[in-house]
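Me: Could you take me through this one and tell me what each label rests on? I'd like the cut-offs next to the values.

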Amino acid sequence: MIGDELARAKARAARLLAQKARSEADLRVRLERSHFSLPVIDAAIAYLRSKGLIDDAQLARETVDSTLRKAPAGDALLLQRVEREGVSQPLAEQAVAQTPRPERARAQAMARLIELRLPRELDAVARWRRALGVMARRGFGEEESMEALREVLGPEPEAPDQPAGGPLF
């Protein structure tokens, strides 16, 4: 009886893995939803891991690489994407730390892309605000964003409704 359930659990996991790479945690949740017993899930996961079909560290690296192929991204976005796949925080942090380009270089690359895409008719304040919004959505922190944008857009302008020296954002 357990052998039949284990075979069904392995088959279900194989179908899930055929769709896309998955973390161990994600497979566990999906097998639990399919009403397999915990000992059977543990045995199926151990089997899949022994065959190299589950590798959370590899999934984390692939997720980071995939995200960076689309556009430069900050560490915060990379961590979020990896953890969303069900990878543990330590493995996610390790994958992000192994990124070949440091976050500052990725921020500069993103700032250059943003600068190319911003409408020229925007005033300096609007350009800076839009650029900072994009940088934040791409997972860059305030410090990295401000440094990169200063290099690309020049010094931040004073907002017209703020006193001299007041904050722009």
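Predicted model: local features only at pLDDT ≥ 70, side-chain atom pairs only at ≥ 80, totals over all residues.

Me: What makes Glu24 and Arg49 a salt bridge?

Reply: The label needs a side-chain nitrogen of Lys or Arg within 4 Å of a carboxyl oxygen of Asp or Glu. For Glu24 and Arg49 the closest N and O atoms are 3.0 Å apart, so the pair qualifies. It links distant parts of the chain, with Glu24 in helix H2 (residues 24-33) and Arg49 in helix H3 (residues 38-50), 25 residues apart. Helices here are DSSP runs (H or I, at least four residues), numbered from the N terminus. By the salt-bridge rule, the count comes to 12.

Me: Why is Arg49 called partly exposed?

Reply: Buried means under 20% relative accessible area, exposed means over 50%, and partly exposed is in between (1.4 Å probe, protein chains only). Arg49 has 41% relative accessibility, so it counts as partly exposed.

Me: Which residues are joined with Glu24 into one network?

Reply: Salt bridges that share partners join Glu24, Arg28, Asp42 and Arg49.

Me: Are Arg106 and Asp75 buried or partly exposed, and why?

Reply: Arg106 has 4% relative accessibility, so it counts as buried. Asp75, at 25%, counts as partly exposed.

Me: What lines the largest pocket, and what makes a residue a lining residue?

Reply: On a 1 Å grid over the protein atoms alone, a pocket is an open set of points where a 1.4 Å probe fits, with protein on both sides within 12 Å along at least five of seven lines; lining residues have an atom within 4 Å of a point. The lining of the largest pocket includes Lys20, Leu59, Glu62, Lys70, Arg81 and Arg84. H4 (56-70) and H5 are the elements that give two or more residues to this lining, and H4 has the largest share, with six residues.

Me: How many residues of each class does that lining have?

Reply: There are two nonpolar, three polar and six charged residues. Ala, Val, Leu, Ile, Met, Phe, Trp, Tyr, Cys and Pro count as nonpolar, Asp, Glu, Lys and Arg as charged, and the others, Gly among them, as polar.

Me: How do you know that the span of H7 is close to the expected one?

Reply: The expected span is 1.5 Å times one less than the number of residues. H7 has 15 residues and reaches 21 Å from its first C-alpha to its last, close to the 21 Å expected. H9 has 12 residues and reaches 15 Å, close to the 16 Å expected.

Me: What do the buried residues of H7 and H9 pack against?

Reply: Contact means heavy atoms within 4.5 Å. The buried residues of H7 pack against H4, H5, helix H8 (124-137) and H9. In H9, the buried residues are Ser145, Met146, Ala148 and Leu149, and they pack against H7 and H8.

Me: Why is Leu153 called partly exposed, and what does Leu153 touch?

Reply: Leu153, in helix H9, has 21% relative accessibility, so it counts as partly exposed. Not counting residues up to four places away in sequence, Leu153 touches Glu115, Leu118, Arg127, Trp128 and Ala131. Leu153 and Trp128 are 25 residues apart in sequence and 7.7 Å apart in space, C-alpha to C-alpha.

Notes: Residues numbered from 1 in each chain as written. Heavy atoms only, no water.
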